[in-house]
Amino acid sequence: MADSLSALVFPTACSLCRQEIIHAGSLDICPSCWNRIEPWTGVACPQCGLPFASEHAADSAAVLCPQCRDGEYSFDGARSFGVYAGALRAVILQLKFRQRERLGKKLGGLLLSPWNSLGLSPGDSPVLIPVPLHSSRRRERGFNQAELLAHGLCRALAGASFAPRVESHCLRRTRPTPPQTGLSLNARKENVRNVFTVDKEERIQGRTAVLVDDVMTTGATLSACAGALKKAGALRVFGLTLARATPQFFDHEDVTQSQTIDDTSREWT
């Protein structure tokens, strides 16, 4: 009721398109912009979920992407909701750099579809593990966006036959690392080498761990996390992200309100 009254008396502008919002519970994003947050429905690598620009990729005898064919990843599979472009990119930047914590839990619900595509069952005893920030970065930001997404997914799974729990203090980042932006694949791997450790091994031993994060680019961070979890006793490790960033899908949309932040401070995985 408070949201409805506030929207009526104090209409605000959409944080993405700047159009006036009169709907309650919109989190400052209009219905039109929400509808532009679309999942990827095209051809993708069946192992890591990398979207392919060409539909003809499915006709190839080797459908896997080059990284998966070379066995570069420590995780057993990964899925993303959509491509890091357009409205999805803009709303992720709102979450990370505009202190939009409520937005994180709502966006976590979008992970329900990629979660279902993993095909996990109660016998897997899955546990959700947010990719951790270093304590200094978390104090600076005030929250971990990956943790918000994980709790949002749990809320979306509330009526399912089984729901995993979120383990926010199991995986730890031992030292701060520079942003991955602009680094080569090998440099990204080196940047996160031996950065993650598991503090409470009994919580993941003999279980399937599902890493949750906002954006996956090369997969270096998810792979480093997966290596630490498997070393601590996890049977299998999967990655679940809101978006997949790839040069194959350049973002042509104008998101000038977040452009500067995105270029200088992003933290891709």
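**Around helix α10 in a predicted model**

User: How far apart are the end C-alpha atoms of α10?
Analyst: Helix α10 covers residues 220-231, which is 12 residues. At 1.5 Å a residue, the helix should span 16 Å. The model agrees with that, as the end C-alpha atoms are 17 Å apart.

User: Which residues of α10 are buried?
Analyst: Buried here means under 20% relative accessible area. In α10, that goes for Ala220, Thr221, Leu222, Ser223, Cys225, Ala226, Ala228 and Leu229.

User: How many residues of strand β8 are buried?
Analyst: Strand β8 takes in residues 208-216 and is mostly covered. It pairs with β4 in the parallel sense over 4 bridges, and with β9, also parallel, over 8 bridges. The buried count for β8 is 9 of 9.

User: What is the bridge partner of Val212 in β9?
Analyst: Strand β9 is made of residues 236-244 and runs parallel to β8. For Val212, the partner in β9 is Leu240.

User: Is the unit made by β8, α10 and β9 right-handed or left-handed?
Analyst: The two strands, β8 and β9, pair in the parallel sense. Together with α10 they make a β-α-β unit, and its hand is right-handed.

Definitions and conventions. Residues are numbered from 1 along each chain as its sequence is written. This is a predicted model: local features need pLDDT of at least 70, side-chain atom pairs count only at pLDDT 80 or more; totals for chains, interfaces and linings use all residues. Side-chain values use heavy atoms; hydrogens and water are left out. The expected span of a helix is 1.5 Å times one less than its number of residues. Buried means under 20% relative accessible area, exposed over 50%, partly exposed in between (1.4 Å probe, protein chains only). Two strands pair if DSSP finds at least two bridges between them. A crossover is right-handed if, with the strands pointing away from the viewer, the path from the first strand over the helix to the second runs clockwise.
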